[in-house]
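Take a look at the model, then read on for the points worth checking.

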Amino acid sequence: MAAAGGSNGLAVLDALDSARTQMYHMKAIVIAGMGFFTDAYDLFCISTVSKLLGRIYYPDENLFIDKPKPGTLPVPANNLVTGVSLVGTLMGQLVFGYFGDKLGRKRVYGITLVLMAACAIGSGLSFGKTPSAVIGTLCFFRFWLGFGIGGDYPLSATIMSEYSNKKTRGAFIAAVFAMQGVGIIFAGLVSMIISGIMLRYHPAPSWKEDHYGSWKDQMPAADYMWRVVLMLGAFPALATFYWRMKMPETARYTALIEGNAKQAANDMQKVMDVEIQAEQDKLARYKAANDYPLLSREFAQRHGLHLIGTATTWFLLDIAFYSQNLTQKDIFPAIKLTSPAGDINPLKEVFEISKAMFLVALLGAFPGYWVTVALIDKMGRYLIQLIGFFMMSVFMLLMGIMYDDLKNKYTTLFALFYALTFFFANFGPNSTTFVLPAELFPTRVRSTCHAISAASGKAGAIVAAFGVQSLTLKGDVKSIKKALIILAVTNMLGFFFTFLVPETMGRSLEEISGEDGNAGNAGMDVADVSRDDKIPVSSTEWQSSMHT
């Protein structure tokens, strides 16, 4: 077993920064990533069934007249069903992020999964038969589901960043987040499979062929269908719980916050093939450089602009990203991926929406996540975020300006533009806004700062759910064009706010935050060093390179 010493810093931190990629890294990615798989499935599966809820519980009052319309959720109910989990997520991020710094990352990590599993099951239950009772129950459990999901954001990001080596840290954190893409794919796939099975055994005429028969023949099956889809979100959370409980506390938290370098060294020796010196005497320098709270002048001077940058870019990104995901059921008919509601029965509508969501996620969103994983430690976070915001703005502006022609004449081009906005969201700010807050801030407030940034993002998602979605819900052409142009503007604002965020590639977390005692290096932009130059591995080398 090789020995790791701490010539330039604390041995356990040097060992983590220089460690080769090992099995414990892969385990951490899978354990944290399965949480994000569950998060994405639970948040986005509602988009596949929300129109079905309208058909079941809000049928047209004039069902037996000549020209009724398929039932739809009232706008307030639709916004609540799709948006209440986002409100819960925002609150959960702030609460669990705070306790992740105060109590430790591991101590509160398992609670999020238990809450997610219990509330996913509860989402499929109803305390009553009336529409208001069903929707009320659904909203209650989805709020608390979101609360648990919210906790996963700061804890998973912080744990992965503190476990990683500095050479591949960006790829590891991005890989955890990339499981969101897998979750979105499975949300569409599972809904497609279940609706397809039920459609086979419960055929029904289209709405135009038989208004009442289309509604009546599928109601028992359709009512079970949406409940099963939502409740299945509990299984990946339960499957991961045991392994989360076996993870040790991160060495950085144990050493720098709890002040126990010996325990940190012991924990890491269990998972790394290296012998680590405890070096308890060296902790004083780190604690002195890290001994200031979030609400202090010291934090504001060192990291205030960084926090504004990570919070605003995530807020602006999520307005666009969640608008894309939550309103895609309304955009799909325009790009001919789904049929008009009157031409199909309820379960067929779910099947077509789910299939379209699956294809867009698989071909548009999914590749973007993994291109980021491949390139983030080569191109850097900063450049990827700038490219992503800019390209999203371009494609959304084109769709907004050319909407009529794209919808009526060039549907294939419309579908391509729509898929490319997803690609550049994920090979862009949707990934990097998750990574950067996990790297920029000191250990003592890292989870809280990530939580603030993520909660700002969910505030943007709430704007999407309650604002932008209201423009697209009725399918009005002018309103959809207006929504797309608004989203193009928000993306361009995100492009400019990115300039508040420094590059973090290739440096240790302690160098970036100034915890190594070199406060002048905190937040220094790696872009100032030639990309062809070797990234310095210690604060001394970093300073010397900046002066040459």
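Let's start with a bend: helix α10 (residues 234-246) has a kink of about 35°, centred on T240. The bend at a residue is the angle between axes fitted to the seven residues ending there and the seven starting there. This is a predicted model, so local features need pLDDT of at least 70 and side-chain atom pairs count only at pLDDT 80 or more, while totals for chains, interfaces and linings use all residues. Residues are numbered from 1 along each chain as its sequence is written, and side-chain values use heavy atoms, with hydrogens and water left out.

**Around the kinked helix**

- The buried residues of α10 are A234, P236, A237, T240 and R244; buried means under 20% relative accessible area, exposed over 50%, and partly exposed in between (1.4 Å probe, protein chains only).
- Those buried residues of α10 pack against α2, α5 (105-122), α6 (131-163) and α9 (219-231), with contact meaning heavy atoms within 4.5 Å.
- R244 also puts its charged end over the ring of Y109, 3.7 Å from the ring centre. The rule here is that NZ of Lys or CZ of Arg is within 6 Å of the ring centre and within 35 degrees of the ring normal.

**The whole chain**

- Secondary structure comes to 25 helices and two strands, taken as DSSP runs numbered from the N terminus (helices are H or I, at least four residues; strands are E, at least two).
- Of the 548 residues in the chain, 61% are buried.
- Among contacts with a separation of 6 or more, 81% involve residues 24 or more positions apart.

**Nonpolar cores**

- The largest nonpolar core has 135 residues, and Y153, M225, W226 and Y322 touch the most other members. A core of this kind is a set of buried Ala, Val, Leu, Ile, Met, Phe, Trp, Tyr and Cys residues joined through side-chain atoms within 4.5 Å.
- Which helix gives the largest share of this core? That's α7 (residues 169-201), with 18 residues.
- Another core, of ten residues, lies apart from the largest one and includes Y292, L307, L436 and I512.

**Aromatic pairs**

- The count of aromatic pairs comes to 31. Rings of Phe, Tyr and Trp (its six-membered ring) pair if their centres lie within 6.5 Å; planes under 30 degrees apart are stacked, over 60 edge-to-face, and the rest tilted.
- One of these pairs is F37 with F186, edge-to-face at 5.3 Å centre to centre and 70° between the planes.
- F37 lies in helix α2 (residues 23-44) and F186 in helix α7, so the pair ties together parts that are 149 residues apart in sequence.

- V134 sits in helix α6 and is buried, at 2% relative accessibility. Leaving out residues up to four places away in sequence, V134 touches Y57, S126, G128, K129, W226 and R227.
- V501 lies in the loop between α23 (477-497) and α24 (509-513) and is buried at 3%. Its C-alpha is 7.6 Å from that of L305, 196 residues apart along the chain.
- S206, in the loop between α7 and α8 (211-216), is buried at 11%. Beyond four places in sequence, S206 touches S214, G342, D343, I344 and N345.

- T412 belongs to helix α19 (residues 411-426) and is exposed, at 64% relative accessibility. T412 and I335 are 77 residues apart in sequence but 7.4 Å apart C-alpha to C-alpha.
- Y410, in the loop between α18 (403-408) and α19, is partly exposed at 44%. Y410 and I335 are 75 residues apart in sequence and 8.7 Å apart C-alpha to C-alpha.
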